[in-house]
Amino acid sequence: SSNQLLNICKYLQKEYSHNQIFVVKNVDELKDQDSIMYEWFKELNISSLVSFPLLMNHKIIGLFGFTNASNEGLNISYDILEIIASFNTSLLKKRNLIRELKHLSHTDVATGARNRSAMYDYFKTLTNKKDIGVVVCDITGLKNTNDSQGHSAGDELIKNTYYCLKEEFADESIFRIGGDEFVIICDGINEEVFNKKINDLRKTFNDKK
């Protein structure tokens, strides 16, 4: 059952803290050593097992291996599994790096909002081009704030504006496209709901003054 498989995975995770490989050449060896583990293996019809962990930053993120192989198969599988583990880990690191780079390329560092590049990509995904609401928001007084109170105060004003926008609109629909400009794009929204969000947004800004 899936529960027994999960139990085995949890058991193996503990074993990997001591070893890089877990081998059971014959499940009957477990009968006296670990009767519970033995029953799990028998229920899943596992007669033998060799397994390796997948490690990422010294943490186990998965495991893989062979079951029910012959003794000869078990003996030649060790090196193969070690190579596969190293290869898969490299692929996962590459995938994570690509995801991180894509996220950074679509994110405004100062606020965490999506940027102009992300907005252009978002245009390509719009599914209902008949019902689209667009809000263009300029931050009034940003230059005066920078001049009179410093750029750190101006940065806080930009961030607070973004936080106000997030109270009414989903993160993925908010884009910072310039120093003091935000654009919000709502796909598939009806006019009544859209207008209510605009009114609520005005109230939010007024309350924050």
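This is a predicted model: local features need pLDDT of at least 70, side-chain atom pairs count only at pLDDT 80 or more; totals for chains, interfaces and linings use all residues.

User: What makes the reach of helix 8 close to the expected one?

Analyst: Helix 8, residues 191-208, has 18 residues and spans 26 Å from its first C-alpha to its last, close to the 26 Å expected. The expected span is 1.5 Å times one less than the number of residues. A helix here is a DSSP run of H or I with at least four residues.

User: Why are the buried residues of helix 8 said to line one face?

Analyst: F194, I198, L201 and T204 are buried, meaning under 20% relative accessible area, whereas exposed means over 50%. Seen down the axis of helix 8, the buried residues fall within an arc of 120°, so they line one face. The arc is taken from the directions from the helix axis to the C-beta atoms. On the other side, E192, K196, R202, K203 and D207 are exposed.

User: How do you know that C164 is in no disulfide?

Analyst: A disulfide is a pair of cysteine sulfur atoms within 2.5 Å, and the structure holds zero. For C164, the nearest cysteine sulfur, that of C137, is 9.1 Å away. C164 is buried, with a relative accessible area of 5%.

User: What rules out a bond for C186?

Analyst: The sulfur of C186 is 13 Å from the closest cysteine sulfur, in C137, which is too far for a bond.

How values were computed:
Residues are numbered from 1 along each chain as its sequence is written. Side-chain values use heavy atoms; hydrogens and water are left out. Helices (H or I, at least four residues) and strands (E, at least two) are DSSP runs, numbered from the N terminus. Buried means under 20% relative accessible area, exposed over 50%, partly exposed in between (1.4 Å probe, protein chains only).
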